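Biologist: I would like to learn how to read a model of this kind. Can we take it feature by feature?

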Amino acid sequence: MAGMRVHELAKEFGLSSKDMLDRIRDMKIPAKSHASMLEEAYVDKIRKALEPEVKEVVENGVEKIVVVSEKEAEEKERQAEEERARREAVEKERALREQERARRQRPEGEPKAAPAAPAAKKPPVSASPFSGLEAQIADAKERARREAEEARIRARAEAAAREVAKKQAVEAALRQRNGGKKAPVRAADAPAAKRLVPPASAPKRGFDSLLSQIEAEKKRIAEQGPAPKPASGRRGAPAGANDARGGKRKRGEQVVPELERTSEDDRYARMAVQVEKLQRDKVLAEARAAVAAATPAENEGRRKKRKEKRQAEQRERLEMEALEKGLDPSLVLDDSVVEIPQGASVSKFAELISAQPNEVIKRLFMLGQVLTLTQSMSDELIELVADDMGRKVRVVSPEEEFAVVYHDSDDDLKPRPPVVTVMGHVDHGKTSLLDAIRDTGVAQGEAGGITQHIGASVVSIDGRQITFIDTPGHEAFTAMRARGAQVTDIIVLVVAADDGVMPQTIEAINHARAAGVPIVVAVNKIDKPGANPDRVRQELVSYEVVPEEWGGTNMFVEVSAKKRLHIDDLLETILLQADVLELRANPDALASGFVIEANLDKGRGPVATVLIQRGTLKPGDSLVAGTSYGRVRALVDPRGTHVDAAGPADPVEILGLNSVPVAGDEFRVFEDERDARKLAEERALRERLAAQDAKSHMSLDDLFGRIEEGKQTDLNLIVKADVQGSIEALRDAFEKMDQSEVRINIVHSAVGGITETDVTLAAASDAIIIGFNVRPTGKSKQQAEKEKVDIRLYRVIYQALEEINAARVGLLSPDIVEQDTGIAEVRDLFKVPKVGTIAGCYMIEGEMNRDDKVRIVRDGTIVFEGTLASMRRFKDDVKSVRSGYECGLGINGFQDLKVGDTIEGFVVKEVERTE
Ligand SMILES: Nc1nc2c(ncn2[C@@H]2O[C@H](COP(=O)(O)OP(=O)(O)OP(=O)(O)O)[C@@H](O)[C@H]2O)c(=O)[nH]1
């Protein structure tokens with residue numbers, strides 16, 4: 001078969017040439033106009049493509065025809081039925097009329113025909129005289145309904161055709177606007193579409209909305225003429241126009257399917273652009289994915305993991321440290337908890353909890369505390385105010401702030417010597433045993449045999465070291481432990497074989513057990529005739545100290561300190577016990593440990609004996625010990641030898657501290673001296689605050705006591721002395737005093753000169769300062785005068801006791817007082833033949849007279865008291881020297897003057913008692 005022209009094919013399918021051309025182009029078949037000749041193969045293709053549509057249209061038409069013929073048949077049948085009914089009704093009516101005529105012709109008396117009566121009364125509908133009329137009315141109604149129905153169907157089909165025409169017109173307009181190549185659809189083309197759309201069976205609802213959208217679009221184009229927005233759907237579009245790309249598009253794509261049909265070139269160009277864009281997007285997405293999967297992400301992941309690991313480790317470490325410090329880890333680790341340094345000022349506190357200082361002051365006021373911005377808050381106040389303001393806080397002590405929890409690796413730990421404390425009942429031979437061990441003859445040196453100050457010593461056996469701490473009693477051991485000074489590894493319990501277990505023996509056992517320290521029993525005085533070592537063993541069993549040979553864990557050694565019997569055995573046993581303990585420490589670190597004894601040496605200043613627990617201490621190290629700090633000037637071992645280094649378990653005396661620390665104080669070397677100083681100063685501040693707190697609590701209690709007991713009065717004392725022993729002696733003496741009328745409270749006691757801190761504390765606690773062999777240092781004297789704080793200085797204990805007793809009796813002023821006159825500072829020294837040492841002085845305060853008594857004060861301690869041998873200005877003897885002048889002073893019977901000493905003049909005056 002030959003080819004066909006486009007218009008011929010269009011005619012075949014009942015389409016306009018233009019519609020046919022469109023479809024042909026959609027099928028990518030070349031055709032330029034309605035006259036273009038189509039190859040046979042193309043014609044077949046077009047027919048195949050269009051036949052389903054045509055078939056649909058035809059089928060719909062057949063269906064309609066079938067439906068119409070059925071309806072006609074029904075109608076005819078109905079009409080015939082109606083005709084039949086009408087004829088029957090007419091026949092019946094005629095019969096009835098005949099009957100009536102006959103009845104009227106009959107005489108009056110003649111009975112009525114029975115069957116007629118009921119019929120007359122209730123005639124059947126079919127027999128009604130109007131039944132024919134009713135049938136006509138019904139018939140007319142039915143006809144009208146039918147006509148209306150047909151009209152509706154017609155109207156619908158026409159409306160659908162009109163709408164399709166409209167849509168095609170809009171499409172054409174859109175095409176023209178976008179492509180500009182397509183001629184607008186003429187109104188005449190519109191009816192052609194009618195044939196493609198089944199008049200009544202076309203889907204309606206979706207079509208309606210499509211139409212309304214098209215209408216809106218048309219209106220918009222007409223009014224504004226902008227670029228078209230994407231078509232809302234493809235329903236109603238010609239079948240062949242569909243799905244060049246599967247009909248699925250992403251939101252925002254600029255391509256409108258209908259618009260692609262403007263021209264081949266245009267369409268492909270658009271597709272190319274789109275493909276390019278798609279590819280670019282794809283490439284970009286791939287690149288992003290590749291980048292994301294590549295190194296940075298990997299690094300990011302690793303970094304994140306590392307960070308998480310670090311955080312977890314840090315958390316664990318903090319938790320461990322908190323537990324080791326006995327703190328609640330939840331408080332330490334809770335981010336919402338604000339850490340407030342101990343003794344923080346009101347303004348600092350407000351700043352840390354991000355509150356208005358005035359608000360803090362107001363709340364403090366409400367708590368009965370009138371504080372200014374710069375004043376320190378106590379721990380309790382910090383917690384109270386924070387709680388009041390709904391904030392979680394944790395008061396951090398200076399120790400904690402500087403706290404270091406040492407974590408030495410196993411490799412760093414080296415074996416160290418054991419540290420041993422000897423304990424036992426009075427007179428069971430502790431000092432003698434230590435003496436025997438050290439072989440230094442200490443016991444003979446102590447007149448009463450009562451140990452006064454703790455010390456430490458080192459012995460060697462078989463090249464191995466043992467460090468001994470000599471304690472004055474169990475209290476010191478417990479006091480040290482209470483301060484966290486766990487210095488002892490082994491306790492040697494001395495039990496006299498002739499005396500057996502005594503109260504202090506039991507106490508010692510309890511202390512050792514509480515500290516978790518193993519006991520080695522030294523059964524002493526076995527040389528004595530009444531010695532019964534086995535009895536000692538038996539007695540100790542009931543205190544759970546069981547000899548190894550009896551199946552227990554305690555090693556027993558029978559010794560005689562006096563006769564030096566089995567001392568080696570004892571030392572070997574101690575080493576055996578130490579081996580069991582596997583004592584180790586890291587020597588390669590900054591030194592730390594505890595102060596075991598401290599005093600103010602007249603010649604050397606503050607001296608502290610420390611026991612090193614970790615690291616190595618060297619001269620030049622900056623350290624802090626309690627509230628003292630300084631740079632190590634010299635290290636002296638227990639034999640009095642200057643050493644260059646001291647390692648773990650070594651006891652060593654250190655010189656160079658600024659003040660005297662307290663036994664049990666922790667010491668630590670800092671890399672930076674400023675840190676040491678800062679910690680020491682903060683500790684001192686905290687101590688002052690604690691002392692004030694203690695006072696305020698106590699005074700409240702006292703107030704209560706006074707109200708309860710009527711006449712009760714308190715005497716608060718601050719005791720300062722040159723050695724701890726003096727303080728203990730004074731304390732003991734006070735305890736023995738009758739306190740029924742006046743209660744004596746020692747609010748603070750320490751070794752060293754009277755400082756400004758002491759005066760502040762005395763002012764705060766309304767206390768008297770008692771100085772025993774010490775003097776006020778720095779500006780403390782002026783401060784005491786300013787604050788009207790009474791400082792009483794004594795050289796001998798009995799004098800202090802006597803005065804206090806006098807004061808206690810009626811709190812009277814003593815009879816005799818020392819009145820200071822002037823103070824001179826020694827700035828130079830001259831050796832004058834036959835006269836002795838003359839001090840070149842500068843009078844720094846008051847006026848000193850030639851006849852005044854004088855005391856020589858060095859580092860706050862009185863080193864001599866006497867009279868002046870000479871007082872000269874230049875070469876002239878003078879009677880007095882006032883402040884601001886230089887002079888030369890000679891002291892009777894005292895040559896050991898030093899530059900830096902102060903020479904204080906005073907007169908002794910008798911003061912009358914007021915009652
Ligand atoms: N016969 C004998 N006497 C001893 C022995 N050990 C100590 N003594 C004597 O016991 C007395 C008390 O000895 P100390 O060493 O002072 O006893 P201490 O336990 O240190 O005494 P305090 O320091 O007061 O607790 C002294 O007179 C010693 O000579 C010993 O082994 N044998």
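Modeller: Start with contacts. Two residues are in contact if their C-beta atoms, placed from the backbone, lie within 7 Å. This is a predicted model: local features need pLDDT of at least 70, side-chain atom pairs count only at pLDDT 80 or more, and totals for chains, interfaces and linings use all residues. Residues are numbered from 1 along each chain as its sequence is written.

Biologist: Which residues does Ile791 touch, not counting residues up to four places away in sequence?

Modeller: Ile791 touches Ile754, Ile769, Gly771, Pro776 and Ala784. Lys781 is ten residues from Ile791 in sequence, and their C-alpha atoms are 8.4 Å apart. Ile791 lies in strand β23 (residues 791-794). Helices (H or I, at least four residues) and strands (E, at least two) are DSSP runs, numbered from the N terminus.

Biologist: How many helices and strands does the protein have?

Modeller: The protein has 25 helices and 31 strands. Among its contacts with a separation of 6 or more, 70% are between residues 24 or more positions apart.

Biologist: Is Ile791 buried or exposed?

Modeller: Count C-beta atoms, placed from the backbone. A residue is buried if 20 or more others lie within 10 Å of its own, exposed if 12 or fewer, and partly exposed in between. Ile791 counts as buried because it has 20 C-beta neighbours inside 10 Å. Buried residues make up 31% of the 915 residues in the protein.

Biologist: Why is helix α2 described as largely enclosed by the rest of the structure?

Modeller: Eight of the ten residues of α2 (residues 17-26) are buried, so the helix is largely enclosed by the rest of the structure. The buried ones are Ser17, Lys18, Asp19, Met20, Leu21, Asp22, Arg23 and Ile24. After α2 comes Lys28, with a positive phi near 60°.

Biologist: How should I read a positive phi?

Modeller: Most residues other than glycine have a negative phi, and most peptide bonds are trans. Glu582 is not a glycine, yet its phi is positive, about 50°. Glu582 sits in the loop between α20 (567-581) and β12 (584-585). It is exposed because it has 8 C-beta neighbours inside 10 Å. Lys834 is another residue other than glycine with a positive phi, near 70°. Its loop runs between β24 (816-832) and β25 (836-849). Lys834 has 4 other C-beta atoms within 10 Å, so it is exposed.

Biologist: Now cores. Which residues have the most contacts inside the largest nonpolar core?

Modeller: In soluble globular proteins, nonpolar side chains tend to be buried together. A nonpolar core is a set of buried Ala, Val, Leu, Ile, Met, Phe, Trp, Tyr and Cys residues joined through C-beta atoms within 7 Å. The largest here has 102 residues, and Val492, Leu493, Val521, Ala522, Val595 and Val610 have the most contacts inside it. Strand β9 (residues 490-496) gives the most to this core, with seven residues. A second, separate core has 19 residues, including Ala824, Ala839, Cys841 and Val854.

Biologist: How do strands β26 and β27 pair?

Modeller: Two strands pair if DSSP finds at least two bridges between them. β26 (residues 853-858) and β27 (residues 861-873) are antiparallel, over six bridges. They form a hairpin with two residues between them, and Asp859 in the turn has a positive phi of about 50°. Arg858 has Thr861 of β27 as its bridge partner.

Biologist: Which other strands are joined to β27?

Modeller: β30 (residues 886-891) runs antiparallel to β27, with four bridges. There, Ser870 is partnered by Gly890 of β30. β28 (residues 876-877) is also antiparallel to β27, through two bridges. β27 and β28 form a hairpin with two residues between them, where Phe874 in the turn has a positive phi of about 55°.

Biologist: At what angle do the axes of helices α12 and α13 cross?

Modeller: Two packed helices are described by the angle between their axes and the distance between the axes. Axes are lines fitted to C-alpha atoms, for helices over the stretch in contact, and angles run from 0 to 180 degrees between N-to-C directions. The axes of α12 (residues 357-366) and α13 (residues 379-388) come within 10 Å and cross at roughly 110°. Angles under 35 degrees count as roughly parallel, over 145 as roughly antiparallel, 65 to 115 as roughly perpendicular and the rest as oblique. α12 and α13 are therefore roughly perpendicular to each other. Val360, Arg363 and Leu364 in α12 meet Leu381, Val385 and Asp388 in α13.
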